[in-house]
Amino acid sequence: MAPLKPEYRINPMSVRTRVAPSPTGDPHVGTAYIALFNMVFARKLGGKFVLRIEDTDQVRSTDESESMILESLRWLGLNWDEGPDVGGEYGPYRQSERSAIYQAHAQTLLDSGHAFICYRTPEELEALRAARKADGRHTALKPSDLMLPAAEVEKRKAAGAPYVIRMMVPEEGKCEVNDMLRGTIELDWGQVDAQILMKSDGMPTYHLANVVDDHLMAISHVIRGEEWINSAPKHKLLYQYFGWDMPVLCHMPLLRNPDKSKLSKRKNPTSINYYKRMGYLPEAVVNYLGRMGWSMPDEAEKFTLQAMIEHFDIQRVSLGGPVFDTTKLSWLNGLWIRESCTPEQLAQKLRDWAFNEDYLMPVLPLIQTRLEVLSDIVKLADFFVAGQLDIQAEQFEFGKLEALQVRKILQYSLWQFEAVRSWDRDTISQSLSGLSQALGLKMKDFMMPLFVAVSGRSAAPSIMDAMVILGSDMTRARLRHALDVLGGPSKKEAKAWEKEFRAMEL
């Protein structure tokens, strides 16, 4: 591969990378993938790796999600030098604690004429986009579309109308963005909208907060997913507006499903918690993520995190979309179990995995009243430590439910769970209760397919408590598996069902 261009030659003493996850759900394997490459790049060059929490979405962000992110990354051995839990000289490291900083920088842009206050309503924005589309133009809205006459601005201001702060962007022309892996990328300004920088709730969008934080935290290299390429012109422009040097950009290829679509929880388990619950070793998961678009000089498939750091060269990253294949991950995990664990180490890993007090204590009260001998635990609690269950279509034949209703219950529950942000018993119960009412079913009948899908049997200890213990991604994975066993919805059914589901008042 060609050597680095002069602008990418690196001063090891100044290297600082970061990962900036949003605490809005289960910790995603994509977050771990980006964290791994940022950490390895920094460690290889003697630099620092920073963890920053991007929690400006106050509606969806939760403390529970942040805790899971920190725990899962630590489980994988991806440790950071600075962050919200360990501190550092560039803190605070939660964006929700930096609002005054963003407001001050937004005001700087307003004062310099590089941003403007926008009072446009959602209805007006929709009409403007429709008009641009009708004229055959890009639907990205420009300042000339959005800015109101001064008198109208004053009128809306006096009425206390909500507003946002947007950045000024060019109406036309090209923007060149340099990338470590791709060289010079040329993007059309016509497709770049006048990005909102500060929302009506006074919180910044990703774009302003990202640029301000990366500069103030002295981030030298931004290694992120390729989905951010189209945002790079906005970020480059903000750096120019503030008069700052821009970090070196490196856009990593996205993880893909086997069908080449973007890795999504609708098709595959994406939570790190799921792979932990399934019994994958953290060393194997890191090893597998390291192979996503990168390879060792000797093409070895099995390697340690330390070996990856020692041999890392970011120029060995391939731009082809790496496929996240759980079959290959399982094969690699098997190698680690067989080749890298003594029996004593394997025993300890089993204890750490499922036979530890933290995991057993919530399970035991659910089955203790049914125990006669200790060996009964095998048949009563097997589904708590199993992966995918060996279930058959015949198990979903219920006298009170038609086959169509069974499949709908499973699919609608799966969709409903995808929207659940706080995975606890009350939330699960309320979600399923609302769904059963919307489908016109008694709760007892509605729950029957879920018992089988989650536990593999028609009767089990409290299935809602079991869902909490198993976790959201394992629960969803079992629902998907049950749907596969039953044939799932056809494309026509899926389209009609999703329309019906979205129309429900849940």
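A search of the whole structure turns up zero, a disulfide being a pair of cysteine sulfur atoms within 2.5 Å. Take Cys-175: the nearest cysteine sulfur belongs to Cys-250 and is 18 Å away. Cys-175 has 5% relative accessibility, so it counts as buried. Cys-341 is buried too, at 16%. Buried here is under 20% relative accessible area, exposed over 50%, partly exposed in between, with a 1.4 Å probe and protein chains only.

A word on the model. It is predicted: local features need pLDDT of at least 70, side-chain atom pairs 80 or more, while totals for chains, interfaces and linings use all residues. Numbering runs from 1 along each chain as its sequence is written, and side-chain values use heavy atoms, without hydrogens or water.

Now the helices. Helix 3, residues 99-111, packs on helix 7, residues 206-216, at about 105 degrees, axes 10 Å apart. The two are therefore roughly perpendicular, a label covering 65 to 115 degrees. Which residues of helix 3 meet helix 7? Ile-101, Tyr-102, His-105, Ala-106 and Leu-109. Their partners are Leu-208, Ala-209, Val-212, Asp-213 and Leu-216. Contact means heavy atoms within 4.5 Å. The set divides into eight nonpolar, one polar and one charged.

Four bridges join strand 3 to strand 4, residues 164-167; pairing takes at least two DSSP bridges. Phe-116 stands opposite Arg-166.

Conventions. Axes are lines fitted to C-alpha atoms, for helices over the stretch in contact, and angles run from 0 to 180 degrees between N-to-C directions. Angles under 35 degrees count as roughly parallel, over 145 as roughly antiparallel, 65 to 115 as roughly perpendicular and the rest as oblique. Ala, Val, Leu, Ile, Met, Phe, Trp, Tyr, Cys and Pro count as nonpolar, Asp, Glu, Lys and Arg as charged, and the others, Gly among them, as polar.
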